[in-house]
Amino acid sequence: MKKLYIKMPYLTSIGAKIKKREYIEENTKLILDRTIFIPCDHNNDLEDGEIDGHKLLDVYEENGEIYHIIEGRPEKSDVYLKIKNLKRQRNLEYNAAIILIRLSMNKFYNRQSTFFELKDNYCKIKFKDFDQEDINIKALESFINYIIDLGLEINFMDDNYIIESLGAINYFGVSVKNTNEIKRLKIFKYEIEKNSLSISFITGSDYQNYQLRNERILNDIKDIAISNDLASDKVSKIINKVSEQDFLSK
């Protein structure tokens, strides 16, 4: 099977042929001759997609083969694959951020990550054998954002992602092609526990949504401050609004 998403991550529609199908009640498991769908795992959301109008329910890789589970029972062999771009872009953004964090941590602390997981509105990455209490998270974040602003190419070659001046790292995710495509990275939480460092962060569209949310909260606070409410009510409302800014750490 041709995994078109590796070299063409921005491709969101294409035709394909069904090589094998298996009916599972009212759904169908397919093997195609080529695919644009990235297998769903801990670092990739299941993308909003369809195959010939049939909703995509799952995509997974097993023994080098990619299986697609869809609603319904398509009868023809030539099918059309389509992805809604929103989740695809989010997957690419977070994978690029993971590459940047891993390369930066390897450069400054000589540590490799052992685990990463994409959540609903952020991502968490862990590093083992890390007992340095004096890690400078702000400096790490600033360095990564500096690299993002430089707009360096993210190249993929021989199962490695390469960024000039940072080096190469083996990674199986699918990334954007340039660092500035993820706009910004914000580390909002980190902790060292049992010799493991855990970093929680947002990037790309999630970071932009976070910024818009904060701007809206600040405008609401300004409106509360100049309202005719009692002082005690203003304080209570402002406290509630400020607490909304901490939604990432909940």
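I looked up the open sheet first: four strands in the order 9-10-15-14, with antiparallel pairing. Strands here are DSSP runs of E, at least two residues, and helices are runs of H or I, at least four residues, all numbered from the N terminus. Two strands pair if DSSP finds at least two bridges between them. Strand 9 (113-118) and strand 14 are the edge strands, each pairing on one side only. I noted an average twist of 15 degrees from one strand to the next.

**Ground rules.** The model is predicted, so I kept in mind that local features need pLDDT of at least 70 and side-chain atom pairs pLDDT 80 or more, while totals for chains, interfaces and linings use all residues. Residues count from 1 along each chain as its sequence is written, and side-chain values use heavy atoms, leaving out hydrogens and water.

**Strands 14 and 15.** I found eight bridges between this antiparallel pair. I187 has F201 of strand 15 as its bridge partner.

**Packing.** Helix 2 packs on the sheet and touches strand 9, strand 10 (123-127), strand 14 and strand 15; its direction makes about 140 degrees with that of strand 15. Helix 4 also packs there, touching strand 14 and strand 15, and its direction makes about 70 degrees with that of strand 15. Contact means heavy atoms within 4.5 Å. Axes are lines fitted to C-alpha atoms, for helices over the stretch in contact, with angles from 0 to 180 degrees between N-to-C directions.

**Helix 4.** Which residues of helix 4 are buried? I listed G204, S205, D206, Y207, Y210, N214, I217, I221 and I224; buried means under 20% relative accessible area, with a 1.4 Å probe and protein chains only. Their cover includes helix 2 (85-109), strand 14 (185-193), strand 15 (196-203) and helix 5 (231-244).

Terms used:
Buried < 20%, exposed > 50% of the residue type's maximum accessible area, 1.4 Å probe, protein only.
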